[in-house]
Amino acid sequence: MDVAMSNSACVTYESAVLEFEDFPRIDDHVWILGKQYNLLEDRAEMHNDIRSKIWITYRKNFTAIGGTGPTGDNGWGCMLRCGQMILAQALILRHLGRDWRWKPKQLQSDTYYRILRSFLDRKDSCYSIHQIAQMGISEGKGIGQWYGPNTVAQVLRKLSLFDDWSSIAIHIAMDNTIVAEDIRKLCRNTKGKSTDPTKSAMAAAGGEANNAAGGEANNGASQDTSEWKPLVLFIPLRLGLTEINPLYINSLKKCFKMKQSIGIIGGKPNHAHYFIGYFKDSLVYLDPHTTQPTVDIDKWAQIPDQSYHIKDPSRMNIQHLDPSIALGFFCADEADFNDFCHSIHTMIITGEDRPMFELTDQRPPHWPPFHPSSQVSDRPLGAVEATYDVPDETEVKYDTDEEFELL
């Protein structure tokens, strides 16, 4: 067999050709969301880890969004799908742990299926394409419009208010700054039943995201009585104007070495991807750009889930990364968050003349007060956030509603 053919694969789907380049069999390492794998000794476990990530792609023939809207998201939904994938990884960590592995052609745990149901293409699934697209209206996005990383993070934060089962706190660090004080207020603000005014207003407006796990009743769900809510942290950044500044490449790689990492959403111009690791100067990612038939619960109340997992990821040169991204991290408890802050200081900030972002203990005095119950999607004045899935791929378009401070 030809060597080049043995190291690569090409899988054809409707509307896309997914190209997979296998990792070379050399004594080197790949980092996948906080875990290091040797390409000779750990190869099988590395592929098992990658295959256990929930892979969410374009789908077709689902129920019309909003009753009369689109029945597929080909051409506009790739960033929405990437948002689903990074949040699905957070929920896997929340409920099953980092060492959980998906077993092909076997019955999985009820907890896994409950997570997956949250992302099915149904209007009553908490994080479905229907809910994300309709909640995007509150961020100024019409159904079928392209999203940037910050927009999808803001929408997921709003939808998480309905997820009593997972009971997570999503925080979006704006102005390239993580304020530890704000996060502690948010994650400790969990005593008693939530009285979030945003949630109440959305429910009154007819929001359908009131089931935390894809149509399941929330019997036995968490009642928010813990002292610390698990944290999902998004850090939207723009690391350059039209291409990534090489100064940030090493810091970007270091993010994948942190045990709290749930990846990066971004992509190359006009194509969003979910990045889960790196090998040398290439990023490892899951690609949503293929259209598959929609999947629903079968007559045995199971989910045919083979199409939600893929063994071989894609790779791209890190220099081809569009500078508009959002980093994602998950901290299970306060000790985990303290460890995260320590890692940020030692790995990302210390020794860098121009760190990707800042970490401060207290809120800057010139900032408005922080209200944990109603985070707003304030955007700093500065530059723009790229959108994805633009039909004319010869022209890079940007959404001027999505603004970042240029680094």
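N61 lies in the loop that runs between strand 5 (58-60) and helix 3; helices (H or I, at least four residues) and strands (E, at least two) are DSSP runs, numbered from the N terminus. The model is predicted, so local features need pLDDT of at least 70 and side-chain atom pairs pLDDT 80 or more, while totals for chains, interfaces and linings use all residues. Residues are numbered from 1 along each chain as its sequence is written, and side-chain values use heavy atoms, with hydrogens and water left out.

The phi angle of N61 is near 65°, a positive value in a residue other than glycine. N61 has 58% relative accessibility and therefore counts as exposed (exposed means over 50% relative accessible area, buried under 20%, partly exposed in between, with a 1.4 Å probe and protein chains only). D175, in the loop between strand 6 (169-172) and strand 7 (177-179), has a phi near 55°, again positive in a residue other than glycine. With a relative accessibility of 29%, D175 counts as partly exposed.

## Helix 2 and H47

Helix 2 spans residues 43-51, and its buried residues are R43, M46, H47, N48, D49 and I50. Strand 3 (29-32), strand 4 (35-38) and strand 10 (271-279) are among the elements that cover these buried residues of helix 2.

H47 sits in helix 2 and is buried, its relative accessible area being 9%. When neighbours within four places in sequence are left aside, H47 is in contact (heavy atoms within 4.5 Å) with D22, K311 and D312.

Helix 4 (residues 110-117) is mostly covered, with six of its eight residues buried. The buried ones are Y112, Y113, R114, I115, L116 and R117. These buried residues of helix 4 pack against helix 3 (78-95).

The largest nonpolar core contains 112 residues, and L252, L327, F340 and M356 have the most contacts inside it. Helix 3 gives the most to this core, contributing twelve residues. Such a core is a set of buried Ala, Val, Leu, Ile, Met, Phe, Trp, Tyr and Cys residues joined through side-chain atoms within 4.5 Å.

## Helix 3 with helix 6

Helix 3 also packs with helix 6 (residues 149-160): their axes come within 9 Å and cross at roughly 55°. Axes are lines fitted to C-alpha atoms, for helices over the stretch in contact, and angles between N-to-C directions run from 0 to 180 degrees. Helix 3 and helix 6 are therefore oblique to each other. Angles under 35 degrees count as roughly parallel, over 145 as roughly antiparallel, 65 to 115 as roughly perpendicular and the rest as oblique.

On the helix 3 side the contact is made by M79, L80, G83 and L87, and on the helix 6 side by P149, V152 and L156.

## Helix 7 with helix 10

Helix 7 (residues 180-188) packs with helix 10 (residues 334-349) at an angle of about 165°, and the two axes are 12 Å apart. Helix 7 and helix 10 are therefore roughly antiparallel to each other.

A180, I183, R184 and R188 of helix 7 meet E334, F337 and N338 of helix 10.
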